[in-house]
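Please examine the sequence and the model displayed below.

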Amino acid sequence: VILILTVSGFVIYRFRQTRSLTLPEFFERRYSRRFRVFTGMLAFVAGLINFGIFPAVGARFFIHYIGLPDTLSIAGLSVGTFPFLMLGLLGTAIFFVFTGGQVAVIITDFVQGVFVNLVFIVVTVFLLVQVDWIHIFEALAMAPENASLINPYKTSQVADFNFWYFLIGTIGVVYVVMSWQGTQAYNASARSAHEAKMGQVLTNWRENPWKLFVLIVPVIAYTVLHHPDFAAQAGTVNELLARTDSETIRNQLRGPAVLVTMLPAGLLGAFAAVMLTAFVSTHDTYLHSWGSIFIQDVVMPIRKKPFTPEQHMRALRWSIVGVAVFIFLFSLLFQQSQYIWLFFAITGAIFAGGSGAVLIGGLYWKRGTTAAAWAAMLTGSSIAVGGIIIHQLVDDFPVNGQEFWGIAMAASTLVYVAVSLLGPKKAFDLDRLLHRGWYAMEGEMEIVDATPSRGFRALGMGREFTRSDRLLYLATYAWVGAWTLVFIVGTVVNLARDVDDAVWAGFWQGYVYLMVVVSSIVVLWFAIGGFIDIRAMLGRLAVMRRDDSDDGWVRDSAPSGDGP
């Protein structure tokens, strides 16, 4: 599924063609200004709630990882460590946002990404040396037969993170492409539609190191906490976890607590640095995005005239500060009652539950109507909000956050299609929206090969592809294709006969070793290429002519262009 999305540039390519700075701005161009304001407010509220637990999760990590006391003495006053640490971390993130806006966010996030991925690989290798595979699989084998932690074909009794979780997640991969606005500015930062698509291809490779890390750490943690040979370390972990009465919070802290007991001094500090840089890079990106969306898509469209550049910058900065104040208070007061990933799913669905249908329909279907967009967004957000309220009122409600998200996606899609078909049959001018044909803009498409071969075209490599672009596509086809083949063969074999856990153990061991090698190559590749691209970006910015009128204010109901 991801391969098809990646090579086709699904949504990503067309969204960049619209030249919209935010998703709600696209909604105004495609539907109406009122719909932009509504979706801007909905995205902002959903983003704030989703973002609201970030400072709390980060602060709790550092408190338990470093072993900080519950209170600190500052100038003779007793101050709670939890709020004080959140203020310090948020202040650091705001500093980077205000230092240089999105350009600073891009550069600091890149440097942080290289550092984090390098440490991830080093910590992963160290943990695998400290805890051998025999211990790992002996511990994992203790799980109930139909809740296996080794054999994915024996997981029918796994709660929450089961077959339905991953099926809904797979559908969601298609449905929410660019729907979530936490990375709003990145979505609009690509030089061209083609570069936006290539960036997504690179993302699939860039994520390998952290995917390896988030696979290994929970496995190691489970082994330490369940295998009798690690009873001493497990006792230390349980002492650390005993500092909190909330089971939800203890679930969040088990992994970090195990790392505290396993890592030596150097790696212990390196991982603390990783979490600090990850905290800052995540928060500066989200602060920038949600603060921008409030000004761009809620405040600006209801004004009678655009901001001056000075007014615009001032409003954006105050909005970012307001987001920081809100998430600080939210983290201080909100009582989290479910897993982080399930919380993300249900809060994200407030906006993303309906936005996927509206975005995909608006980019690819001329018959999609404004009434259908309203109906789909209201349906998705209502289901998500209902799920949040139910989970706050009813303990152990049988439908979790992921399942509420799945219901929201399905209902919103059906509503969008039905209302569009029942509405007027007038076709929307997608060429004008996407700047194609008569409306094409000079410099937006760079033709490298005017007549690519039929074979390249069949593989999705058109006129804009350079030699390195093609090499990247072919490598992606080979990598994903090989794993798809493994999946198909593995499924047939496992359905045909019972596969012993020892076979699966060997498979996972080989998989992890291969991912360590590939991830190491990826870190080196992205470090070299990234620094080259950062230098090129700064060079372009130094001579680029700014157009202050290109600020997201839609001056016409359709995008500008010299049409017929």
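The model is predicted, so local features are described only where pLDDT is at least 70 and side-chain atom pairs count only at pLDDT 80 or more, while totals for chains, interfaces and linings use all residues. Residues are numbered from 1 along each chain as its sequence is written, and side-chain values use heavy atoms, with hydrogens and water left out.

In soluble globular proteins, nonpolar side chains tend to be buried together. A nonpolar core is here a set of buried Ala, Val, Leu, Ile, Met, Phe, Trp, Tyr and Cys residues joined through side-chain atoms within 4.5 Å. Buried denotes a relative accessible area under 20%, exposed one over 50%, and partly exposed one in between, with a 1.4 Å probe and protein chains only. The largest such core comprises 108 residues, and F27, F271, L287, V358 and L359 have the most contacts inside it. Helix α6 (residues 81-130) supplies the largest share of this core, 14 residues. Helices (H or I, at least four residues) and strands (E, at least two) are DSSP runs, numbered from the N terminus. For L287, contacts (heavy atoms within 4.5 Å) beyond its neighbours within four places in sequence are made with F51, A93, I94, V97, I320, V323, A324 and I327. A second, separate core has 12 residues, among them V7, M198, F465 and V518.

Charged side chains also pair in this model. A salt bridge requires a side-chain nitrogen of Lys or Arg within 4 Å of a carboxyl oxygen of Asp or Glu, and by this rule there are nine salt bridges. One of them joins E25 and R29, with N and O 3.0 Å apart. These two residues lie about one helical turn from each other because they are four residues apart in helix α3 (residues 23-30). E25 is buried at 1% relative accessibility, and R29 is likewise buried at 12%.

R36 is buried, as is E28. Through shared partners, salt bridges connect E28, R33, R36 and D297 in one network.

Attention now turns to H312, located in helix α15 (residues 309-333). With a relative accessibility of 10%, H312 counts as buried. Its side chain makes a polar contact of 2.5 Å with that of Q296. A polar contact is a pair of N or O atoms within 3.5 Å; within protein, one must be able to donate a hydrogen and the other to accept it, and residues adjacent in sequence count only if both atoms are side-chain atoms. Apart from neighbours within four places in sequence, H312 is in contact with I295, Q296, M300, F307 and D551.

M178 belongs to the loop between α8 (163-175) and α9 (184-187) and is buried, with a relative accessible area of 13%. H435 also has a positive phi, near 55°. This residue lies in the loop between α19 (430-433) and α20 (454-458), and H435 is buried at 11%.
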